[in-house]
Amino acid sequence: MPIDIADAARKFGAEVRRRRNQAGLSQTQLADQIPLAQSTISSIELGKTHTKRDQAARIDRVLTGGGKIIALWESQYDGFQVPAWVREVSELESRATEIRDYHPLVVPGLMQTGGYARAAIRAGNKGAADSEIDGLVAERLARQRIFDAELPPRVVAVIDESVFRRATGGPTVLAAQIDHLLSMMDRDRVEILVVPLETRSHPGMDGAFRLIRVPEVGDILWLETRVSGGPVEDADATSVHLGLFADLLGVALPVDGSRALLEKIKGDLK
């Protein structure tokens with residue numbers, strides 16, 4: 001039977017809150033000992049966050065749960081564990097000062113709605129159990145917490161128009177996804193640009209990539225396939241993709257033009 005991620009998160013969060021109160025700790029005190037941000041503890045207790053197993057283990061240690069908090073996590077999430085490479089990119093995103101995304105096939109994960117994420121993940125994982133899809137969707141949405149930070153990273157996404165001409169999840173799901181992007185475009189540190197279909201010399205035909213800028217590390221080139229992903233530890237390759245992203249900015253519509261095109265496409269869906 002597929003798990004209900006939202007219900008699992010609520011039950012797990014309620015137990016964390018109960019045990020924290022029993023230990024006489026504030027959210028800030030618990031957060032400092034784990035360590036996590038106080039806002040993360042609050043989100044966990046409110047059931048807004050799909051807690052990772054390593055976080056559950058640290059909470060168990062601080063609250064002297066004797067393994068009971070871990071056992072609850074495993075029972076609620078049906079043993080699902082996010083792939084290591086997904087955890088790795090999530091960690092990089094949480095430390096990033098700038099993220100540049102290019103995708104010719106789907107809306108980048110950091111900007112997906114729940115409905116769109118589920119449709120996109122299911123399309124590439126036809127044989128996966130519902131519990132696995134639930135977990136991957138929850139993890140993808142949880143990564144979007146970076147936009148709520150006091151100083152979120154600057155995020156620039158270049159997306160091909162063809163992404164919006166394919167009704168991933170159906171017209172209603174795509175319309176909601178476009179609405180979400182239009183809302184995100186109002187954020188000061190988010191820029192979404194669309195490469196129009198009439199672009200004849202398209203520099204991004206080789207596929208999607210990401211450039212994640214992390215303090216004291218620099219720009220990290222990140223590439224993904226259906227089943228894996230990771231940093232490319234090659235300075236020349238990173239340099240090539242930095243240039244490629246600049247070329248993509250050159251052929252993409254400006255912000256106002258991208259907004260107008262998205263609004264038109266959404267109107268066409270009715």
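Helices (H or I, at least four residues) and strands (E, at least two) are DSSP runs, numbered from the N terminus. The structure is a predicted model, in which local features need pLDDT of at least 70 and side-chain atom pairs count only at pLDDT 80 or more, while totals for chains, interfaces and linings use all residues. Residues are numbered from 1 along each chain as its sequence is written, and side-chain values use heavy atoms, with hydrogens and water left out.

**Exercise 1. Describe the secondary structure of residues 16-63.**

Step 1. UniProt, in an unreviewed entry, lists residues 16-63 as "domain: HTH cro/C1-type"; UniProt positions are given in the numbering used here, feature names are shortened, and annotations may be inferred rather than shown by experiment.

Step 2. Over residues 16-63 the chain is 69% helix and 0% strand. The end C-alpha atoms of this stretch are 9 Å apart.

Step 3. In helix H3 (residues 38-45), the buried residues (under 20% relative accessible area; exposed is over 50%, partly exposed in between; 1.4 Å probe, protein chains only) are Thr40, Ile41, Ser43, Ile44 and Glu45. Gly47, with a positive phi near 75°, follows H3.

**Exercise 2. Trace the strand order of the open sheet and the partners of strand S4.**

Step 1. Six strands form an open sheet in the order S3-S2-S1-S4-S5-S6, with mixed pairing; two strands pair if DSSP finds at least two bridges between them.

Step 2. Strand S3 (190-195) and strand S6 (229-231) are the edge strands, each pairing on one side only.

Step 3. S1 and S4 run antiparallel and are joined by five bridges; Arg100 has Leu211 in S4 as its bridge partner.

Step 4. S4 also pairs with S5 in the antiparallel sense, over five bridges, and Arg210 has Trp222 in S5 as its bridge partner. The two strands form a hairpin with three residues between them, and Glu216 in the turn has a positive phi of about 65°.

Step 5. Strand S5 (residues 218-224) pairs with S6 in the antiparallel sense over three bridges, with Leu223 opposite Gly230 in S6.

Step 6. Five of the six residues of S4 are buried, so S4 is largely enclosed by the rest of the structure.

**Exercise 3. Classify the aromatic pairs of Phe209 with Tyr102 and Phe245.**

Step 1. Rings of Phe, Tyr and Trp (its six-membered ring) pair if their centres lie within 6.5 Å; planes under 30 degrees apart count as stacked, over 60 as edge-to-face and the rest as tilted. By this rule there are two aromatic pairs.

Step 2. Tyr102 and Phe209 are 5.9 Å apart centre to centre, with 45° between the planes, and this pair is tilted. Tyr102 lies in strand S1 (residues 98-103) and Phe209 in strand S4 (residues 209-214), so the pair ties together parts that are 107 residues apart in sequence.

Step 3. Phe209 is buried, with a relative accessible area of 2%. The centres of the Phe209 and Phe245 rings are 6.3 Å apart and the planes lie at 80°, so this pair is edge-to-face. Because Phe245 belongs to helix H11 (residues 235-251) and Phe209 to strand S4, the pair ties together parts that are 36 residues apart in sequence.

Step 4. Tyr102 is buried at a relative accessible area of 2%, and Phe245 at 3%. Tyr102, Phe209 and Phe245 form one aromatic cluster.
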